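Hi there,

Here is the structure I promised to pass on. Please open it alongside this email, and then read on for the notes.

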Amino acid sequence: MASESNQDLDSLAMEFLRLVNDIVPWSKLSSEIIQDKWKILAKRVMASSGDDIQEFLHNIVKSIAGDSFYTTRGEKGKEEEKGKEERRRLGKDLEDYLKKVKSIGREKELIDYIKSRAIPLVIRLSAEGGES
Amino acid sequence: MLSYGVIARTQKSFDGLPTLAEITHHQLIVATLIASDKKSFFAGLLHDALKPLLKFELEKERRGWRWLHLDGLEVGGTKVNLEEIVGQSLSTTLSGNEVESLIQLIRQHHNRDAVKCNPITYAENEKSGLGITLIEATLFLKKDLKDMGLYTCIEAKGLTHPYHFFVLALIHQGVKYYLNKVYDEVFSLLGLTRLIVEYNFGNEKVPEIQYDDENSVLMLRYYVPSTSYKGMKVVHEYGGNVFFNIEETETKYVKIHHAWSDVLTFLISSPSTDGLTYKMLCIIPGIIVYNGKDVSTNNETEKKFENTVQNIVKHVIAEIQESIELDGSYNEVLLDYVEGNEQGDLKCTFCWKKTDRKIRLSQKSLLSEKFTDYHRIRTGESVCPLCHIGFKYEELLRMQGPAFYLSLPCEISSVEVVDDFKQKYHSAYGAYPLNPEEGVVLSVLGLSTMQLMSEAWYSSLLKEVNKRSSLPKWIRLYALRAQKDLRGLYVKFLIDRRVLIYPLIIKIRPKALISSYGGRNKKFVLNTEILEGNTLWRGSELDITEEQLDVLEPLINTLKSLPYKKIYGKMVNLYGLRE
């Protein structure tokens, strides 16, 4: 398991990838991309850069989907329960996330952590959705 | 985590620092050294049979912990009687007197005064005997390996080129295979064709010993007291016809197959002026002789064994050459080259070692599209024996693309003591008998256990593949495991690299000499490297490193409900392991 000092970074890294995955409109992309979704995501994370975490995220999303992206996402469990779609705002999630990252003050370190461990993080992300 | 076994000893002088040695491995090594008669051999196999009960007692006057494992030990409220455990089970193969004498040898083996009349004490005592325990507790030896019952089969020096390392790995495989046959023959004559050891974790219970006279099979059933691992079972099987292999037959049941030579031979590497030196060592069977009264070492047995090993090495070298139609060309000189000697006025095209043979290598092979490593070829038309063999094998296996490696003793990343063991002793005495604060004591003999741990990790990633019938039967080639060949255990161990040698959990850093990575689209190209540091396996996208696997670890706790085959598939795909 990740060492104690890396545990904070690890959970922030996973949260970051969840956000990227939600923001990228995968279903609107070509079937070839969808088929190789996790490999593409891992490679783009490794290849992208940014001065801060927001720019890093922006560059990853842009390199995968160009200028199109989602701003809201349906919440799975809640949709089924209430029979109507309840949507969460990704902008708000992103804002909360950025605040959290700033408060920890290890932004550069976090970017390095995500880039250098993109593959295992993406494998974990894919397993979370049951789509491993 | 891979559950492997139970520790064999601690280092008293360092306040309970554990020694990395497994209990069955330890007993088998001692038994092999004293395998000159049946009674001594079986005494060796059983002399520490009560150790897996892990009964420690704090002796205030001696200021330390004592690991109780002889008669008088209390298990479940009753005192253990060795006669009851051993007597009946071995009565079909040993006479009454022999059983009595065997029990005496076990009871007496800690008595230092018995060193001249007890073969086990002689094998273990470092002052007046061979001192195999010393070799288990240190890497820095005061004695010559030969004086400790070990024979150096091969000493490789000055290897510089991938082809050289490949040939060393080939010879190692062959010698290990035939040595297994030698050990099997010695043990069969003494009434043992198979050894089965069961570690049952849960409640403490007196060990059970069974001997099947008809098939010469000895079965030891240990009951290791542990609440954390209750219900877990680890089975070791040793024999003359098996290769190292790990099976997970059901949850909490692991079966590990060992060839005798997996434990009784091992490779150590040490730096020297010629670069790294690799020594392949093996235990000399029956070097200690017991005539019922006195113990001595048998020089004749030693010489006979040395001759046998030398003949094996010659035979292996001949088989290697035969398989690539170099019949006998290098019979006399190949071993010289492995040992770092070279001769001749010419220079090898590949490695620039001296050579006296002018050989035209097939231009077709060298210049066709198949040969990818042009940079290796220098000018000239001569090759040394090592490179010639490496080149020919590369040609032979090029289209097949298998992986080829030689596992090396792993390194230790971290050690921890299992909680239930700590609680048991901490609550009673305020300190526990094992103190891994400063790690574990690494040892020469422990290197065979450590080499097997590396082997276990690589065998969770790789599977043996069928090979050409023209190759010697002992050559083992590998490919990445397909999803259908996977077990949950393999994927979990691949990711977390933890081995349980109860009560220690050891996180390993596997090491190997990789000669070829193989892969579906790969050609068989010998490009040897020693994987050191963090890199464990190369991928075309990214290498698998300890750091990468550490990030995957949180998955393990949820693997039960997750499709581990798909996770492995994702690893193969994303790291590019097959390309």
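This is a predicted model: local features need pLDDT of at least 70, side-chain atom pairs count only at pLDDT 80 or more; totals for chains, interfaces and linings use all residues.

**Chain A as a whole**

Chain A has eight helices and two strands. If you trace the chain from the N terminus, the elements come in the order α-α-α-α-β-α-β-α-α-α. Of its 132 residues, 27% count as buried. Among the contacts in chain A with a separation of 6 or more, 64% are between residues 24 or more positions apart.

**One residue to look at: A:Ile53**

You will find A:Ile53 in helix α4 of chain A, which covers residues 53–65. Is A:Ile53 buried or exposed? A:Ile53 has 21 other C-beta atoms within 10 Å, and the cut-off for a buried residue is 20 or more, so A:Ile53 counts as buried.

Which residues does A:Ile53 touch, leaving aside those up to four places away in sequence? They are A:Leu98, A:Val101, A:Glu107, A:Leu110 and A:Ile111.

**Where the two chains meet**

The contact between the chains takes 16 residues from chain A and 17 residues from chain B. On the chain A side, α3 (37–47) and α8 (118–128) each supply at least two residues. The largest share of that side comes from α8(A), with eight residues. Sorted by class, the side of chain A that touches chain B has ten nonpolar, two polar and four charged residues.

**A sheet in chain B**

Now for chain B, where six strands form an open sheet with mixed pairing, in the order β9-β10-β8-β11-β13-β12. The strands at the edges are β9 (205–212) and β12 (245–250) of chain B, each of which pairs on one side only. From one strand to the next, the twist averages 15°.

As a reminder, strands of a sheet pair through backbone hydrogen bonds, either parallel or antiparallel. In which sense do β8 and β11 of chain B pair? Strand β8 (residues 194–202) and strand β11 (residues 233–239) of chain B are antiparallel, and their pairing runs over seven bridges. To find your place on screen, look for B:Glu198, which stands opposite B:Val235 in β11(B).

Note on methods:
Residues are numbered from 1 along each chain as its sequence is written. Chains are lettered from A and ligands numbered from 1 in the order in which they are written. Helices (H or I, at least four residues) and strands (E, at least two) are DSSP runs, numbered from the N terminus. A residue is buried if 20 or more other C-beta atoms lie within 10 Å of its own, exposed if 12 or fewer, and partly exposed in between; C-beta atoms are placed from the backbone. Two residues are in contact if their C-beta atoms, placed from the backbone, lie within 7 Å. Two strands pair if DSSP finds at least two bridges between them. Axes are lines fitted to C-alpha atoms, for helices over the stretch in contact, and angles run from 0 to 180 degrees between N-to-C directions. Ala, Val, Leu, Ile, Met, Phe, Trp, Tyr, Cys and Pro count as nonpolar, Asp, Glu, Lys and Arg as charged, and the others, Gly among them, as polar.
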